[in-house]
Structure formats: C-alpha cells, structure tokens
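Here are some exercises to work through with the model open beside you. Try each task before reading its solution.

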Protein chains: 2
Amino acid sequence: MSTSKGISTGRPRLDLDGAAFAATLRIVHEHGYAGATCERVASAIGVAKTTIYRRWPDKGSLIIDVLLDAFGPLPLSGDTRGEIIESGIRWIAEKIGEPGVGAAFAGVFSEAVSDSTLREALTFRLQEPYRRALQEALDEPEQRMSFLIDVVTGPLLHRLGISGEPMAEADVGALVAMVVPRFDDGRGTAMRTSAPQES
Amino acid sequence: MSTSKGISTGRPRLDLDGAAFAATLRIVHEHGYAGATCERVASAIGVAKTTIYRRWPDKGSLIIDVLLDAFGPLPLSGDTRGEIIESGIRWIAEKIGEPGVGAAFAGVFSEAVSDSTLREALTFRLQEPYRRALQEALDEPEQRMSFLIDVVTGPLLHRLGISGEPMAEADVGALVAMVVPRFDDGRGTAMRTSAPQES
C-alpha cells in the first residue's frame with residue numbers, strides 16, 4: 001500500500017525482485033533489449049546499481065529471472081496428447097505477446113548464441129523445467145521435447161522479430177495444426193504418462 | 001593478389017564491401033553480435049570509422065548487407081512442391097550453420113523487435129526477395145509464405161540460441177517432415193506455377 005516509489009536496500013528480496021522484474025519488462029518494451037541496462041533498471045526503481053549487481057551479476061541472469069517470473073509454471077491441460085500440446089503452444093504464444101516479454105526472450109536468445117555461460121543458464125534454468133514438464137506429460141524422450149520447443153518457440157519469436165507484433169491468432173492456429181500431428185503420430189490420443197509398460 | 005591487409009578509401013566499393021563482410025562475420029563469430037561494432041570492423045580491415053559509416057549508416061544496415069551477401073539467391077530445386085520446399089529448408093539450415101551467419105541473423109532479429117527502422121529493412125530488404133521467390137515457385141499467397149519462413153527459420157535460429165550449434169541433420173530432417181506436408185496438402189505434387197487457371 002506504500003505510495004513511495006523508492007525501495008531501500010533494507011527491504012526484503014521479494015520486493016526488490018518484483019520491482020526489478022516489472023521495471024525490466026517496461027524498459028525492454030520501451031527501449032529494446034539492448035537499451036535495458038542494469039543501470040536503467042536500478043534508476044527506475046530507485047536503488048543503487050550495486051543493489052542490482054549484488055542480486056544479478058549480469059544482465060543475462062536478470063533477464064532469465066524476469067522470464068521465469070513472467071512465464072510461471074507450464075499450465076498444461078487437456079485429456080488427449082493433442083490437447084495438451086495445443087494448450088502449451090497457446091500458452092507460450094500468449095506469454096510472448098505480453099509487453100516486453102517477447103523482446104526480452106528474443107534478446108537473451110541472440111545474446112546466448114555467442115555467450116556460452118548465458119546459453120547454459122538459458123538451457124538449464126529457463127528451458128529445462130518446461131522441457132521436463134513436457135516430457136512427463138507426453139512421455140517422450142528429451143531430445144524430441146527440445147525439438148518441440150524449437151518448432152513452437154522459434155516461429156513465435158521469428159514472427160515478433162519480423163513484424164514487431166505477436167503472431168496473429170490464425171497463424172497460431174496454423175502452428176498448432178502443423179505441430180500437433182507430428183507429436184501425436186501413432187501414439188493414440190490418450191495421455192500415456194501413467195499407462196503401464198507392456199513387457 | 002595483393003598481400004596488403006589495409007584498404008585505402010580510394011579503392012572501389014566492391015573491395016570495401018567484401019572486406020567488411022568477411023571481417024563482420026569473423027568478428028560476430030568471435031565476439032558475438034553485441035561485440036561486432038562498426039569500429040571493430042573498420043579497424044579489422046584498416047579503414048577509418050567514417051569510411052564504414054559513409055557506406056552503412058548503422059550496424060543494422062551493415063549486418064543486413066552481410067547476410068544478403070552470405071545468403072545469395074534462393075537456390076530452389078526439385079520437380080515436386082515437396083522437393084522444392086525441402087531444398088529451401090536445407091539451404092537455409094546450411095547457411096545458418098556457417099560461422100558468424102547464424103549469430104548475425106539471430107542478433108539482427110532480436111534488435112529488430114524493438115527497432116522499427118531495422119525491422120522494416122529486415123522485412124523489405126532481407127526477407128521479401130526470398131518470400132517472393134517462394135511465392136512464385138509455389139504459387140501461394142504472401143501471408144502463407146511468411147508463415148513458411150517463420151516455421152523454418154524460427155526453429156533453426158532457436159536451436160542455435162539454445163545449443164550454440166546449428167540444428168543437427170536428424171532434426172533438420174524432422175523439420176522437413178513436419179513442414180513439407182502442411183504446404184503440400186491438396187495441391188498435388190507438381191509445381192503449379194505455370195498451370196493454366198481453370199475458369
């Protein structure tokens with residue numbers, strides 16, 4: 001209920017996180033990924049640069065935390081494999097469409113192409129929890145779920161880069177229609193996660 | 001045949017272009033997109049910064065020229081629609097795998113998310129010639145060819161961002177298997193470009 005915009009360094013971490021995450025998304029949305037410096041985030045929430053750097057050693061780790069917070073847990077739903085995959089595609093399409101989120105996501109990706117530390121963080125901290133959730137829900141090998149993430153997230157980010165706008169609903173539908181059958185082939189329509197193994 | 005590494009500003013533009021393109025790819029490969037500054041390119045080829053800035057007003061336009069040069073014309077081949085699309089997918093997969101090219105491509109994309117001038121250049125100078133070539137070869141509407149480019153280029157760049165390596169052959173094959181049938185549906189296997197219109 002505080003109306004103060006400043007946050008003292010003595011406040012609990014949760015407040016710092018929430019304020020920094022919101023400010024980062026706003027700054028990325030307004031100034032782009034390159035323009036969203038840790039200095040700008042610090043200044044926007046009224047803390048010292050060192051407060052930001054103590055919590056996040058570099059911009060990449062701040063952005064990954066911002067994305068983890070923005071995405072939250074993967075809310076898979078549906079009774080069939082196809083419905084489950086579709087729910088995941090529509091969820092990430094919506095998330096990438098939120099102001100700042102898609103630009104932060106695309107920015108951290110391209111920075112990771114030539115930064116192996118950031119790439120590891122991106123893979124293990126950001127992607128792995130979602131890949132595991134997909135593996136469990138769909139009972140598929142790891143490599144196939146990485147490919148699923150490539151063919152869903154890649155086009156959504158590409159469209160954002162080319163058009164500056166999230167992928168339109170009709171194309172998200174076309175993406176669902178293209179991807180779902182490839183992961184539904186020969187596996188029936190029911191979830192197999194809890195099916196007993198035949199031996 | 002010259003062994004000199006320096007290039008005087010009096011040389012023809014073609015030499016400057018070729019030297020700057022090669023240096024840019026090398027620098028992006030070694031230092032990443034963010035590290036590839038116009039200053040670094042100028043210094044690598046032994047010209048003044050102003051020589052680079054006279055030719056390319058900003059880094060984005062340099063990178064787009066680098067990519068246009070690296071990609072060259074779209075070499076579509078094959079007798080059926082499926083073969084033609086497959087040839088395009090395998091061509092861009094190989095290009096994105098060339099040192100520096102994928103990183104430059106991913107970098108300019110994410111910068112474009114929040115830079116409308118760069119986005120226009122990316123759309124009209126880089127993407128449009130390829131989209132038109134696809135439209136002509138496949139006799140498909142513009143919007144559908146933009147979607148084809150999204151679902152091919154997006155996953156290839158996403159994989160590069162996550163793994164730091166180009167997409168492996170087996171997954172490029174899986175991408176072909178996923179994409180081709182969606183653009184082959186109900187259109188038969190022959191090219192329709194020169195088919196007479198029924199009326």
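**Exercise 1. What volume does the largest pocket have?**

Some ground rules first. This is a predicted model, in which local features need pLDDT of at least 70 and side-chain atom pairs count only at pLDDT 80 or more, while totals for chains, interfaces and linings use all residues. Residues are numbered from 1 along each chain as its sequence is written, chains are lettered from A and ligands numbered from 1 in the order in which they are written, and side-chain values use heavy atoms, with hydrogens and water left out.

Step 1: the volume comes out at about 450 Å³. A pocket here is an open set of points on a 1 Å grid over the protein atoms alone, where a 1.4 Å probe fits, with protein on both sides within 12 Å along at least five of seven lines; lining residues have an atom within 4 Å of a point. Grid points are joined across faces, edges and corners, and the volume is the space filled by probe spheres set on the points.

Step 2: The lining has 21 residues, and Tyr33(A), Ala34(A), Tyr33(B), Ala34(B) and Glu111(B) lie nearest the centre. Helices H1 (13–35) and H6 (101–112) of chain A and helices H1 (13–35) and H6 (101–112) of chain B each supply at least two lining residues, and H1(B) gives the most, with five. Helices are DSSP runs (H or I, at least four residues), numbered from the N terminus.

**Exercise 2. Work out how chain B is laid on chain A.**

Step 1: superpose by least squares on the C-alpha atoms of residues with pLDDT of at least 70 in both copies. A turn of 180° and a shift of 0.0 Å along the axis do it, with an RMSD of 0.0 Å.

Step 2: name it. That is the relation of a two-fold axis.

Step 3: check the contacts (heavy atoms within 4.5 Å). The same surface serves both copies, as 100% of the contact residues of chain B recur in chain A.

Step 4: find the residue of chain B that comes closest to the rotation axis; Gly154(B) does, with its C-alpha at 1.9 Å.

**Exercise 3. Does H4(B) sit enclosed or open, and what span should it have?**

Step 1: the expected span is 1.5 Å times one less than the number of residues. For the 13 residues of H4(B) (residues 59–71) that gives 18 Å, and the end C-alpha atoms are 18 Å apart, which agrees.

Step 2: count burial (under 20% relative accessible area, with a 1.4 Å probe and protein chains only). Eleven of the 13 residues of H4(B) are buried, so the helix is largely enclosed by the rest of the structure. Among them are Leu62(B), Asp65(B) and Val66(B).

Step 3: pick up a neighbour. Phe21(B), in helix H1 of chain B, is buried at 9% relative accessible area. Leaving out residues up to four places away in sequence, Phe21(B) touches Trp56(B), Leu62(B), Asp65(B), Val66(B) and Asp69(B).

Step 4: step off the end of the helix. Just after H4(B), Gly72(B) takes a positive phi of about 65°.

How values were computed
Buried < 20%, exposed > 50% of the residue type's maximum accessible area, 1.4 Å probe, protein only.
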